[in-house]
Number of protein chains: 2
Amino acid sequence: MDWPKQVTIKEVGPRDGLQNEPLFIETEDKIAWINQLAETGLQHIEMTSFVNPKWIPALADAASVAQGIKRNPAVTYSALIPNLHGLDRALSACVDEVAVVISASEMHNRRNINQSIANSLSTVNDICLQAASVGKPVRGYLSTVFGCPYEGEIALGQVLRLTEKMFEMGIYEISFGDTIGTASPVQVEAVVDALMQRYPAEKLAMHFHNTHGMALANIVTSLRKGITIFDASLGGLGGCPYALGAAGNVATEDLGHMLNQMGIRTGIDQERLLSAACFIEEKLGRALPSHALQIVHGGHMA
Amino acid sequence: MDWPKQVTIKEVGPRDGLQNEPLFIETEDKIAWINQLAETGLQHIEMTSFVNPKWIPALADAASVAQGIKRNPAVTYSALIPNLHGLDRALSACVDEVAVVISASEMHNRRNINQSIANSLSTVNDICLQAASVGKPVRGYLSTVFGCPYEGEIALGQVLRLTEKMFEMGIYEISFGDTIGTASPVQVEAVVDALMQRYPAEKLAMHFHNTHGMALANIVTSLRKGITIFDASLGGLGGCPYALGAAGNVATEDLGHMLNQMGIRTGIDQERLLSAACFIEEKLGRALPSHALQIVHGGHMA
């Protein structure tokens with residue numbers, strides 16, 4: 001099998017990135033940042049989360065952000081939705097797409113979503129029905145696929161069972177999350193092989209965190225098996241507030257750089273991406289971990 | 001093809017790492033550090049370089065280091081040798097093994113070694129003859145294999161021609177260097193495929209720098225093709241003083257962690273490795289870039 005010719009990067013920084021930040025980024029800065037992201041060539045941006053602001057105060061301005069951004073018709077703007085109330089708010093704010101999340105680990109699901117997996121499946125099913133009735137596509141996250149901070153390794157059978165249930169609900173694509181960044185290429189091959197035997201690549205996305213620096217290695221392993229959709233977060237922002245030690249997502253600009261070097265098309269302008277990374281880094285007031293930003297700051301050339 | 005069951009990591013931190021540091025690490029600290037490295041399970045340590053101290057003052061104490069360390073019989077202690085004079089000094093200091101370097105790029109060779117490639121080949125041949133006469137094995141570095149800061153991409157034919165010449169001189173193993181950290185997995189596959197068609201894996205090592213965060217991705221790509229020997233540098237130390245923007249080598253502890261997660265044996269004790277990384281980090285007085293050290297400092301658990 002050849003390397004894929006083209007890859008879609010889905011930007012999750014405004015949601016998965018910012019939700020973990022102790023600093024509240026002003027609504028107008030979030031809007032400016034998302035507008036910058038929309039001009040980089042990215043086709044998919046998860047712009048916020050309509051969870052209860054009590055749980056994620058950093059994203060308490062979800063509706064204002066969704067309504068304040070300038071919509072680029074080439075971009076799909078999605079938002080994470082925890083329940084029907086969140087869906088109502090999101091639909092009022094005109095999201096293009098709905099994202100839902102279930103954890104493959106019972107204990108992580110209870111701590112992250114405060115429900116059993118069975119209850120989450122029921123909630124997600126309600127969201128899918130309601131979203132379908134208004135013509136909004138639903139994207140699913142299955143988290144802790146490669147390991148859970150509380151339960152350790154997750155059985156592949158559990159991953160496949162939940163995958164099937166989520167697709168049966170009408171979810172068009174599932175993003176398989178290495179929430180705590182412990183996946184190894186051997187694990188990734190096993191999971192991707194099992195998924196690719198059952199589903200077409202167009203329905204499968206991978207979501208790697210870079211805790212141990214293995215995110216690009218896991219992406220290359222997935223690419224080699226035919227996966228063509230990856231989540232990433234500008235600057236390497238992110239992490240899960242309920243999983244201790246979960247470092248940021250793979251950085252969008254580092255992934256973009258690698259794919260460029262590999263001759264794989266992404267449609268993304270690296271310079272605009274870097275400029276947007278510098279913008280949010282300045283707003284956060286701390287150095288973000290991407291290699292591309294370190295090269296910018298170090299005045300390196302390579 | 002299955003993943004390899006076992007991998008050899010060759011530690012180049014004391015040479016490739018320290019040579020680039022503006023701070024002179026005291027001889028006794030170098031000795032203490034190398035002694036720590038020798039107790040981690042590493043079987044091969046490049047301990048210094050016998051180049052003219054005028055060129056690399058950081059390693060001006062090569063002989064004192066080589067003579068001051070406690071020799072662990074399970075470890076091969078090598079040193080980089082630029083010429084016959086350096087070889088004499090190294091042999092007096094009882095190195096186990098000699099390392100030589102040639103660049104695949106004419107311009108990089110001239111700037112790095114101050115010779116044409118033709119002259120370097122002749123020098124290396126002299127070193128090989130002399131080393132053979134006293135029974136010392138010679139390991140070769142071929143640098144800028146995947147790209148040169150001055151010439152850009154390097155033709156595969158040039159890499160193969162120099163590889164053949166180096167093996168003809170009796171060099172037992174060649175380490176193929178991504179000196180500036182620009183190699184992509186696509187390039188790595190092409191080079192490794194060409195090499196594996198011609199030579200057994202036991203003669204081939206890969207040496208990746210992590211400028212753009214791609215080192216582990218390139219290692220995984222090499223592993224998948226059957227490569228089982230990798231150079232690494234504790235803490236992610238390193239870089240080439242004559243190649244602007246050449247960030248550190250892949251960090252030994254991050255590589256060790258990934259291989260552990262993959263179930264690939266290295267024989268290395270990660271805790272001892274991390275403790276040695278903290279030691280040299282403290283002596284250098286600056287944060288080193290490995291992910292494992294960031295986890296230690298951040299108090300993360302994952």
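Reply: Two copies of a chain are related by a rotation about an axis and a shift along it. Here, chain A is superposed on chain B by a rotation of 180° with 0.0 Å of shift along the axis, at an RMSD of 0.0 Å. The two copies are thus related as by a two-fold rotation axis. The superposition is by least squares on the C-alpha atoms of residues with pLDDT of at least 70 in both copies. This is a predicted model: local features need pLDDT of at least 70, side-chain atom pairs count only at pLDDT 80 or more, and totals for chains, interfaces and linings use all residues. Residues are numbered from 1 along each chain as its sequence is written, chains are lettered from A and ligands numbered from 1 in the order in which they are written, and side-chain values use heavy atoms, with hydrogens and water left out.

Me: Which residue of chain A comes closest to the rotation axis?

Reply: That residue is A:Ala217, whose C-alpha is at 1.8 Å from the axis.

Me: Is B:Thr144 buried or exposed?

Reply: B:Thr144 is buried, with a relative accessible area of 0%, whereas B:Asn114 is exposed at 61%. Buried means under 20% relative accessible area, exposed over 50%, and partly exposed in between (1.4 Å probe, protein chains only).
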